[in-house]
Amino acid sequence: MAIERVVIVGGGTAGWLAACLIAAKVPKVTGEAPSITLIEAPDIPTIGVGEGTWPTMRATLSAIGLDEEEFLAACDGAFKQGSRFDRWATGAEEDFYYHPFTPPLDGAPVDLVSAWQARAPGAPFALAVCPQPAVCAAQLAPRQRSMTPYSGALNYAYHVDAAKLAARLSRHAVGALGVTHLRDKVVAVDSDGNGDIAAVRTRGGERVEGDLFIDCSGHAALLIGGHFGVEWIDRGGVLANDRALAVQVPVEEGSPIQSQTIGTAHEAGWIWDIGLPSRRGIGCVYASRFLEDDEAEAILRGYIARTAPDVPPDSITPRRLSFPTGHRSEFWRGNCLAVGLSAGFIEPLEASAIVMIELSLNALIDNFPTSRPAMDVHAARFNELFRTRWDRVVEFLKLHYLLSRRDEPYWRAQRDPATVPPRLAELVELWRDQPPSSYDLPLIDEIFPAASYQYVWYGMGGGVPPHLPPPTPAMIAQFDQLRQRTRGLLSALPSNRALLGPQVTPGKREKVAQP
Ligand SMILES: Cc1cc2nc3c(=O)[nH]c(=O)nc-3n(C[C@H](O)[C@H](O)[C@H](O)COP(=O)(O)OP(=O)(O)OC[C@H]3O[C@@H](n4cnc5c(N)ncnc54)[C@H](O)[C@@H]3O)c2cc1C
């Protein structure tokens with residue numbers, strides 16, 4: 001039996017990315033174009049947050065045939081060049097570090113660290129080894145207008161309005177890629193003789209049959225959890241945050257747009273701050289074990305009062321969100337693959353959710369099963385790979401908490417050795433002796449490369465190895481060239497506002513490039 005009919009349940013970011021990517025890419029992989037139906041319950045809202053993406057989004061948008069400039073206009077989008085972490089290491093006002101998307105200077109990690117210590121021992125690691133933090137500090141864009149779409153002088157992703165992103169993807173899927181959109185609620189699932197899903201039934205009386213079902217129903221996890229009962233693995237014992245308060249505040253016309261997500265630690269969690277052309281999305285993430293909701297709201301309001309003093313306090317009504325921290329034990333069961341929140345969610349630090357959606361869909365599509373018997377082999381391989389990837393997300397996020405020297409009860413609890421995954425505990429021991437390297441992260445396509453671990457490790461003061469060989473002349477030469485390159489970028493790149501502001505305005509006519 002060929003895989004001719006794909007049915008997607010859910011119309012959030014996961015569902016519409018699935019629809020677009022499968023429609024645009026599967027015909028190139030298999031030579032056949034499956035029919036795609038996306039079913040979305042009109043009365044169940046999408047989660048509506050998820051504003052930070054990864055550089056993978058550029059390849060995704062390009063593959064589905066969206067024009068970059070038009071995408072930015074339609075989604076109130078801005079460029080994201082990484083994250084800045086404020087007050088994570090010590091809690092002091094001057095405590096900050098960058099995790100930029102552009103990797104450090106090229107070479108052996110030990111040589112890099114040795115040259116940093118020799119040439120700029122007092123400078124923060126990221127600033128010493130990469131031009132991007134200086135570009136971010138100056139609120140510059142990663143590209144010039146004349147550059148080919150989706151390419152830049154520095155690596156970048158986007159900040160977007162999540163609701164506008166899903167809406168834009170939806171119009172593209174239906175209008176340009178031939179996806180069928182059914183606005184109806186799935187109320188029942190029919191199994192066939194071998195336990196696969198044969199069809200889903202809707203409140204409106206439709207019976208939608210399929211060969212492959214993609215569960216994008218969000219936290220409801222209608223198919224993978226509700227129908228198949230696949231176990232949920234709770235990771236809340238490692239990462240304590242389980243709540244968020246989200247608000248949007250307007251910005252003044254023409255005001256600067258930040259080049260990175262700003263994550264500011266507070267007594268029992270952290271605050272995200274994401275700048276878009278027309279507003280800032282701000283949210284307070286916290287652990288309900290350590291902070292009452294009204295205390296979290298007071299922290300959020302204090303942050304807004306400090307960073308956006310013109311916003312009247314009574315205009316702020318935070319949206320409350322609770323989230324479980326964890327993932328399924330299997331993501332692909334029978335003829336059903338879970339993508340997005342139905343597969344798992346590990347708090348928003350480092351914005352790992354949408355990239356996991358993209359990675360899941362690419363793994364499905366690059367190996368798209370052409371017949372049912374092969375599907376079980378694909379499923380087993382997929383499950384193994386993604387169990388590792390979720391473990392990696394948990395470990396990488398935990399590192400941010402583990403290295404903190406803040407002294408509040410929440411932070412002390414986050415460092416409790418009983419909460420640290422054993423693999424991470426081992427790596428931390430190793431990284432006191434030698435820098436994080438690709439030997440520690442052996443997958444070909446690790447979700448977080450060694451560079452990310454270096455930025456966090458040295459950014460938070462994880463400590464340099466006690467014995468370092470002298471830096472090589474080649475690395476010293478790179479250090480000297482970096483200063484020049486940074487100066488060149490600072491003078492050549494336009495500000496985010498100049499690139500995104502006057503020319504790219506919401507309402508710009510939609511252009512659709514050929515996928
Ligand atoms: C506080 C917070 C901040 C976040 N920040 C980021 C970030 O910065 N970056 C990032 O990458 N991710 C972030 N995320 C995660 C991100 O929001 C999600 O991963 C992403 O939006 C995908 O959601 P989804 O499509 O899986 O689910 P949802 O958006 O919840 O969509 C679920 C869909 O399923 C439909 N549905 C449900 N039940 C039925 C039914 N019975 N029949 C038919 N349809 C049904 C709903 O109508 C809806 O369309 C954040 C999450 C939280 C909680």
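**Reading a ligand shell and its chain**

Reply: Let's start at the ligand: one of its oxygen atoms lies 2.9 Å from a polar backbone atom of Gly 11. A polar contact is a pair of N or O atoms within 3.5 Å; within protein, one must be able to donate a hydrogen and the other to accept it, and residues adjacent in sequence count only if both atoms are side-chain atoms. This is a predicted model, where local features need pLDDT of at least 70, side-chain atom pairs count only at pLDDT 80 or more, and totals for chains, interfaces and linings use all residues. Residues are numbered from 1 along each chain as its sequence is written, and side-chain values use heavy atoms, with hydrogens and water left out.

Me: Which backbone atom of Ala 14 lies 3.0 Å from an oxygen atom of the ligand?

Reply: For Ala 14, a backbone N or O atom. Leu 341 also has a polar backbone atom, 2.9 Å from a ligand oxygen.

Me: How much of the ligand does the protein bury?

Reply: Accessible areas come from the Shrake-Rupley method with a 1.4 Å probe; for residues, only the protein chains shown count as cover. Alone, the ligand exposes 1,000 Å², and the protein buries 96% of that.

Me: How many residues of the chain are buried, as a percentage?

Reply: Buried means under 20% relative accessible area (1.4 Å probe, protein chains only). Of the 515 residues in the chain, 57% are buried.

Me: And what do contacts in the chain join?

Reply: Contact means heavy atoms within 4.5 Å. Counting pairs at least 6 apart in sequence, 77% of contacts join residues at least 24 apart.

Methods
Buried < 20%, exposed > 50% of the residue type's maximum accessible area, 1.4 Å probe, protein only.
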